[in-house]
Amino acid sequence: MDTFEYQEFLKLAADASNIDIDVLEAAGWDPLADDGDAFRLATNLKINVMFLNWAVKAKLHNSEYETDWIDYGRFNGDEYAATRYAIVVAAAEIARNKMK
């Protein structure tokens, strides 16, 4: 993932949570790298996470938007990184849906 895509995911995740990205960046918020930030994001947005032997799936379920289980992250040896990625991509999907 390049730097632009990384920053875009963070901005969309912040937008989904209705949080000012500048405030989050000043605090060092990075749910793609920090388990605690990712957990709080998933909890805030009611993102369900399911683990399979090879991947992480997320289901977006909040009062505004719901999907079927979506395959977001392959483990590739790091289940934690795959889980953080799945949560952030799910949050970005919520933000994109809000923009429609």
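Trainee: How many salt bridges does a search of the whole structure find?

Mentor: The search finds 4 salt bridges. Please bear in mind that this is a predicted model. The protein averages a pLDDT of 81, and 85% of the residues score at least 70.

Trainee: Where is confidence lowest, and where is it highest?

Mentor: Strand β3, residues 70-74, has the lowest confidence, with a mean of 65, whereas α3 has the highest, at 92.

Trainee: Why is the pair Lys-11 and Asp-15 called a salt bridge?

Mentor: The N to O separation of their side chains is 3.0 Å. The criterion asks for a side-chain nitrogen of Lys or Arg within 4 Å of a carboxyl oxygen of Asp or Glu, so the pair qualifies.

Trainee: What separates Lys-11 and Asp-15 along helix α1?

Mentor: They are 4 residues apart, and therefore separated by about one helical turn. In general, an α-helix has 3.6 residues a turn, so residues three or four places apart point the same way.

Trainee: Why is Lys-11 called partly exposed?

Mentor: Its relative accessible area is 38%.

Trainee: What makes Asp-35 and Arg-84 a salt bridge?

Mentor: Their closest N and O atoms are 2.6 Å apart, and the limit is 4 Å, so the pair meets the criterion. This pair links distant parts of the chain, as Asp-35 lies in helix α3 and Arg-84 in helix α4, 49 residues apart.

Trainee: Are Asp-35 and Arg-84 buried, exposed or partly exposed?

Mentor: Asp-35 has a relative accessible area of 44% and is therefore partly exposed. Arg-84 has 13%, and buried means under 20%, so Arg-84 counts as buried.

Trainee: Which residues are in contact with Asp-37, leaving aside its neighbours within four places in sequence?

Mentor: They are Gly-28, Trp-29, Asp-30 and Pro-31.

Definitions and conventions
Residues are numbered from 1 along each chain as its sequence is written. This is a predicted model: local features need pLDDT of at least 70, side-chain atom pairs count only at pLDDT 80 or more; totals for chains, interfaces and linings use all residues. Side-chain values use heavy atoms; hydrogens and water are left out. pLDDT is the predictor's confidence in each residue, from 0 to 100. Helices (H or I, at least four residues) and strands (E, at least two) are DSSP runs, numbered from the N terminus. Contact means heavy atoms within 4.5 Å. Buried means under 20% relative accessible area, exposed over 50%, partly exposed in between (1.4 Å probe, protein chains only).
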